[in-house]
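Me: I am new to this structure and would like to learn how to read its features one at a time. Could you take me through them slowly?

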Amino acid sequence: MTELIYLSDSYRQNDRAKIVSSERSEKDTLIVLDQTIFYPQGGGQPSDKGEIVGPNGKAKVKHVRMQGDDVVHECILEGELKAGDHVDCAIDWDWRYRNMRRHSAGHIVHEAAMIVSPLLIPVKGEHGSNPYIEYKGSLPIDSKYVIEKKANEIVEKNLALTTEFVSLEELQKRASYVPQHLPKNKPLRILIIEGFHPIPDGGTQVSKTSEVGPITISKIENEDDKVRIYYAIEETQPSVSIPQESLSGAQYVGFVLEAQQNAKKILEDTSLGVEDLRIALLGSKSELASLTKQIRNVIASDRQQAGTVLNQVKRSIEKQLNEVSSVKRQASSEEFFDMTAPGIPPPMGHLHIVTQAITEITRIFEKIGFTRVRHPEVDWDWYAFESLNMPPNHPARDEWETFFVESSKLENNKRFQSIVLTPHTSNGQVREMEKSKLPIRMINIAKCYRRQSDVSHVPMFHQFEGMYIDKGVSIGNLTGVFDFFVKNYHGIDRKIRLRPFHFQFTEPSFEVDINCGICLGKGCRLCKEGWLELGGAGMIHPVVLKNGGINPQDYNGFAFGWGVERAYMMKSGTKLDDIRLIYSNDIRFLQQF
Ligand code: DAH
């Protein structure tokens, strides 16, 4: 059984060990040691490489794996290495440190993902050249920005990563999740990123999150009931070369106490200002900063205690510095105010997603000659229904769960007898025709109201109503305009399809579908059949034209009415399980867009 040195000290680069067995296979020599600093492949982290040097030979370690309780080093041997030899081992530190940083980055990304979506269930992690973590569950693809932000916040906070060996019972009690298959041939260990829940882990880890450097979330991939978060770190970040441990705890604490004495003298120096004091005592070139770096040189068994002493001394110096600075501040009645210092920028907001969508939709239709118009959002029943070929009590009206408005000031006109909160933007059709300016290319974007509120409906939402009236308008024009819109708004690889339908105000009528942005029409978990419904459309009914004062013998046209929120969701791939979130004014939600 090989003792796993890397499990308790991931910064150890060299070791002296004894060969337990050395066997020649066809191409390689397989060496087992009594103890090893080489990490064997597993847990998503690639195995170490390096060298084993003995009295009569030298082995290049190419790959390392677990076999039962033993760690097998697959080597190319020059000379001879045999059981009983004492050997010097060295790992390829650049390679290990990069893998270690990538592995720790995976854990940081996991914590960030848990903040964003706590219900995800971890499945596995891969921390090699194309690293990712996989969960059971799903994530909107644009949550990569929030996860990246949260992960980098953890990196910047420079939190400590510590590990502890635990019993199975303790692991089950403390860890945030327990993997299905726990290794039987290694001691159980948990990893704790300062402030987060412990996680089972057997890999090598850096000691501070800042060592990982900036993290990028390259993509989020949903497939079946699983989601993968792919991430990357800067590979070129120069690896810090850490000297071998050499200090005992007592020696180190001696240095810390000396630094404390020196700090006292500095604090007594009345010629120094508060900022100078802070730099001298706690700045990056201070004695304390260099001692903090040197903690790695303390032998592993003493390191924790040495770190505790260092932190206590640090805190006491900070406290004394604060006391001195408040005394100094009181003493100088005129506090220095630096008028030239740059101001603190206020937090920046951005337009609401629906406003962003409305602006973009307007710009696209403007390119092909449509003009955005506004019509009343509280309107006569005549415009919302009757003029659209839906007289009172017509059953088709049931589709629009309308709010009626009581009004005492009704006009003395048969047409204007009741008022509604517009349940759709189609009320703009006849109103636009009444302007008597032909041809018409209108895009009417407005609020709509319906008696509905559930996960996919809100009582107030937005529609955009397009209408084109000219001489000789065809269904070919209709499909051309829709195609132009979806290619510009949703993406060049998106397509539309028309399905026959029925509306009172169009003949023929269609439902317009767009191919799914994720599978492009093949069918996936999001869309089921490859197509998603955008909204209604059709060739304007002659009765509607007549109601707008247009002679259907001379002119014809098409119209369509689609939901703004719906069209936006189909663009971004945002899978909202509750559309009411858009209007909940929750800053955590809105910041993501
Ligand atoms: N007004 C319809 C609705 O809210 C949508 C619609 C369908 C608008 C067909 C149109 C059209 O202009 O031609 O469901």
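Predicted model: local features only at pLDDT ≥ 70, side-chain atom pairs only at ≥ 80, totals over all residues.

Me: How many residues surround the ligand, and which are the closest?

Reply: A residue is counted here if one of its heavy atoms lies within 4 Å of the molecule. By that rule 16 residues surround the ligand, and the closest are H424, S426, R450, Q463 and E465. The shell is made up of six nonpolar, eight polar and two charged residues.

Me: Which strands each supply at least two residues of that shell?

Reply: They are β21 (460-470), β24 (531-540) and β25 (556-563).

Me: Which side chains have a polar atom facing an oxygen atom of the ligand, and at what distance?

Reply: For this one looks for pairs of N or O atoms within 3.5 Å. In the side chain of E465, an N or O atom is 2.6 Å from an oxygen atom of the ligand, while for Q463 the corresponding distance from a polar side-chain atom to a ligand oxygen is 3.0 Å, and for W400 it is 3.3 Å. The ligand exposes 360 Å² when taken alone, and the protein buries 93% of that area.

Me: Is Q504 buried or exposed, and why?

Reply: The general idea is that a residue counts as buried when its relative accessible area is under 20%. Q504 counts as buried because its relative accessibility is 16%.

Me: What does Q504 touch, not counting residues up to four places away in sequence?

Reply: With those residues left out, Q504 touches L388, N389, M390, H394, A396 and H541. With N389 there is also a polar pair, in which a polar atom of the Q504 side chain lies 2.8 Å from the backbone oxygen of N389. A further polar contact, of 3.0 Å, links the side chain of Q504 to that of H502.

Me: Which residues have a positive phi although they are not glycine?

Reply: Most residues other than glycine have a negative phi. Here N393 has a positive phi of about 70°, and S436 has a positive phi near 55°. N393 is in the loop between α10 (381-384) and β18 (403-405), and S436 is in the loop between α11 and β20.

Me: Are N393 and S436 buried or exposed, and why?

Reply: A residue counts as exposed when its relative accessible area is over 50%. N393 counts as exposed because its relative accessibility is 76%, and S436 counts as exposed because its value is 61%.

Note on methods: Residues numbered from 1 in each chain as written. Heavy atoms only, no water. Polar contact = N/O pair within 3.5 Å; in protein donor to acceptor, adjacent residues only side chain to side chain. Areas by Shrake-Rupley, 256 points an atom, 1.4 Å probe, with all protein chains shown as cover. Helix = DSSP H or I, 4+ residues; strand = E, 2+ residues; numbered from the N terminus. Nonpolar A, V, L, I, M, F, W, Y, C, P; charged D, E, K, R; others polar. Buried < 20%, exposed > 50% of the residue type's maximum accessible area, 1.4 Å probe, protein only. Contact = heavy atoms within 4.5 Å.
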